[in-house]
Amino acid sequence: MPIPRRALVAAAVALVLPLSACGSGDSGGSTDASGRIEGDITFQTWNLRANFKPYFEGVVADFEKKYPGTHVKWIDQPAEGYADKISADAAGGTLPDVVNVSPDLVAPLAKAGLALDLDKSAARYKKEYLAGAWAGHQVPGMTGTYAFPWYLNTGPLFYNKSLFEKAGLDAAQPPATYDELFIDALRLADKSDGKVATLANVPTIEDFGRYGVELMNKEGTAFSFNDAKGVQLLTKYKELYDAKALDPQALTATPESSGKKFLTGAVAMNPGSALDLGNFKKQAPNLYKNIGITDQITSTGKVNMYVMGVMVNARTKHTPAAVAFAHFVTDAQNQMSFAKKVAIFPSTAGSLDDPYFTKEDGTDETRVRVAAAKSLKNAVNYTPVLFSEQMKTALRNEVAKALQGKQSPRTALDNAVKACDTLLRQQG
């Protein structure tokens, strides 16, 4: 793909073109998907051709065979600039009929009237998908669902058993709660004289969500992660940072740099997926021998889920064919086939009960896959659909100031919420 480590979520920039201009008027197709399935449609994916060309060609061929009056043109866009490409196509009236999207990409398109509301046009398919996945492309402040859920991902926390043992901690009992995590992290830093951090990344919006912070009001008009719980989490991270239990370079860390720190033993815990185990085997065999695998830490009982979707352009001239194809790509059979080609998970109800996702064979790979599949059944996407890349940057900058002692955690989060609310108003 290559599939990003943090679960196929794009580093998509906020779509800031005046898309509402394209959402007005009555040009375009019908929202009625019940007619004859025929016509030429275009299907756009997101950086998938290089690794999965035969798979997608097969899906297209199977669909055209099932519906002889159809023709699907498959196009693939590179990861770089994907959000900008969608924005330009939306503004220019050239958006493909069926589009691979993430929740943050679908939100401005839905607001502009360019994403078909599947609750109206394809409600009969809703029961085929996990409830949390179907809700993944709903937009606060709007009624409706604006993309079929496609592949999901989540992952465990990996930890270095050897580092835990050197600090006098029980490697068979890794932290299961935030309180335990903070206690163990301070112990690891103290016993290693600040040479071993437990965490390598500053808290992101999904971390606040996992901690149980209410991120946004239900109307989708304002953020609220500066509540008492949010301040408490950032205060804890400040304590870790001061003790070097949070890596000193966390302020500028990327998933790649954090991964390298974990590989070299400078960091004791790191999130990941089954994809990472092969990397550990090749690049750090000593780490692989000492690898521990545990669940994501959460105060809500629900892990974080990343979700990709397939949106239907509300302006398509062939609504029945476009809806039928978007459903076909994301149906149980095709999702299961795709999941066996790469370490992702289907969003279709019942698929995670397949032996492929429930039976272990003694390998770490299947252990991770089985654990992740089990956790996905009630997982949620903590990142608000309306939380843009600009907002992520604003939060990160304010968090950095708090960790460096330039402002209090309360002030940092107040400032972050103020900045994000301003950006939110600019979106709408």
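Contact here means heavy atoms within 4.5 Å. Helices (H or I, at least four residues) and strands (E, at least two) are DSSP runs, numbered from the N terminus.

Now the ground rules. This is a predicted model, where local features need pLDDT of at least 70, side-chain atom pairs count only at pLDDT 80 or more, and totals for chains, interfaces and linings use all residues. Residues are numbered from 1 along each chain as its sequence is written, and side-chain values use heavy atoms, with hydrogens and water left out.

Let's start with helix α19, residues 409-427. It has 19 residues. From first C-alpha to last it reaches 27 Å, close to the 27 Å expected at 1.5 Å a residue. That expected span is 1.5 Å times one less than the number of residues.

Which residues of α19 are buried? They are Pro409, Ala412, Leu413, Ala416, Val417, Cys420, Asp421, Leu423 and Leu424. Buried means under 20% relative accessible area, exposed means over 50%, and partly exposed is in between (1.4 Å probe, protein chains only). These residues cover an arc of only 165° around the axis, so they sit on the same side of α19. The arc is taken from the directions from the helix axis to the C-beta atoms. An α-helix has 3.6 residues a turn, so residues three or four places apart point the same way.

What covers that buried side? The cover includes α9 (205-210), α10 (228-242) and α18 (389-403). The face turned away from it carries the exposed residues Lys418, Arg425 and Gln426.

Next, Asn226. It lies in the loop between α9 and α10. Asn226 is buried, at a relative accessible area of 19%. Beyond its neighbours within four places in sequence, Asn226 contacts Val231, Arg410, Leu413, Asp414 and Val417.

On to the cores. A nonpolar core is a set of buried Ala, Val, Leu, Ile, Met, Phe, Trp, Tyr and Cys residues joined through side-chain atoms within 4.5 Å. The largest one has 126 residues, and Phe225 and Phe325 have the most contacts inside it. Its largest share, eight residues, comes from helix α14 (residues 319-329). A second, separate core has eleven residues, including Phe158, Leu277, Tyr288 and Val368.

Then Ile41, in strand β1 (residues 39-46). Ile41 is buried, with a relative accessible area of 1%. Its contacts, leaving out residues up to four places away in sequence, include His71, Val98, His318 and Phe325.

Last, the sheet. Three strands form an open sheet in the order β6-β5-β7, with antiparallel pairing. Two strands pair if DSSP finds at least two bridges between them. β6 and β7 stand at the edges with a single partner strand each, so one side of each has no neighbour in the sheet. β5 (residues 157-160) is covered on both faces: Leu157 and Tyr159 on one side, Phe158 and Asn160 on the other, all buried. Phe158 stands opposite Asn270 in β6 and opposite Ile293 in β7.
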